[in-house]
Amino acid sequence: MASVTVNGEERAPARAGRNLLSYLRFDLGLTGSKYGCGEGICGACTVLVDGQPLRSCVTTVDAVAGGEITTIEGLARDGELHAVQQAFVEQSAMQCGYCIPGFIMTAVGLLNREANPSRPQIREALADNLCRCGTYQRIERAVAHAATVIGEAR
Ligand code: FES
Ligand code: FES
């Protein structure tokens, strides 16, 4: 039985071999992380583990035991959206929205390791996330805007 911390709270242990995305969605009711391909290809299920992106559909809870997991539900603080979430809203970066939690978590992971990414760095970091609505340019613009806002707040 693996114990994990999710969005700052120690959560009920998962049974051995439990898939992380299923644990989050069905055991904890955190449905912001999406099931897309289920094969590690689309990025819809991306969460952060110790600040870095991980595809939860191809990960067991055991594999991240002891780690600090953050889902899209855990990004806002004191009722304020994270700067990346706010930028996605301001830049109208979503159509259906299904891919967006995965893009946002991937972008937050990028900004955790690179405070001031260039456009090519942003593009590269997001390259393996798929958006069936094709809002890539707006997503890239939103991430660049978030980096600027976070930089100005420092
Ligand atoms: S659902 Fe996990 S990568 Fe597609
Ligand atoms: S906004 Fe629809 S899949 Fe990306």
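**Helix packing in a predicted model**

Me: In which hand does helix 2 pass helix 3 in this predicted model?
Reply: Helices here are DSSP runs (H or I, at least four residues), numbered from the N terminus. A crossing is left-handed if the near helix is turned anticlockwise from the far one by less than a right angle, and right-handed if clockwise. The crossing of helix 2 over helix 3 is right-handed.

Me: Which residues of helix 2 make the contact with helix 3?
Reply: Contact means heavy atoms within 4.5 Å. On helix 3 the contact involves Ile100, Phe103, Ile104, Ala107, Val108 and Leu111. From helix 2 come Val84, Gln85 and Phe88.

Me: Which residues of helix 4 are buried?
Reply: Buried means under 20% relative accessible area, exposed over 50%, and partly exposed in between (1.4 Å probe, protein chains only). On the other side of helix 4, Pro120 and Glu124 are exposed. In helix 4 (residues 119–126), the buried residues are Ile122, Ala125 and Leu126.

Me: What includes helix 3 among the cover of the buried residues of helix 4?
Reply: The cover of the buried residues of helix 4 includes helix 3. It also includes helix 5 (136–153).

Me: At what angle do helix 2 and helix 5 pack?
Reply: Axes are lines fitted to C-alpha atoms, for helices over the stretch in contact, and angles run from 0 to 180 degrees between N-to-C directions. The axes of helix 2 and helix 5 are 8 Å apart. Their packing angle is about 135°.

Residues are numbered from 1 along each chain as its sequence is written. In this predicted model, local features need pLDDT of at least 70.

Notes. Chains are lettered from A and ligands numbered from 1 in the order in which they are written. This is a predicted model: local features need pLDDT of at least 70, side-chain atom pairs count only at pLDDT 80 or more; totals for chains, interfaces and linings use all residues. Side-chain values use heavy atoms; hydrogens and water are left out. Helices (H or I, at least four residues) and strands (E, at least two) are DSSP runs, numbered from the N terminus.
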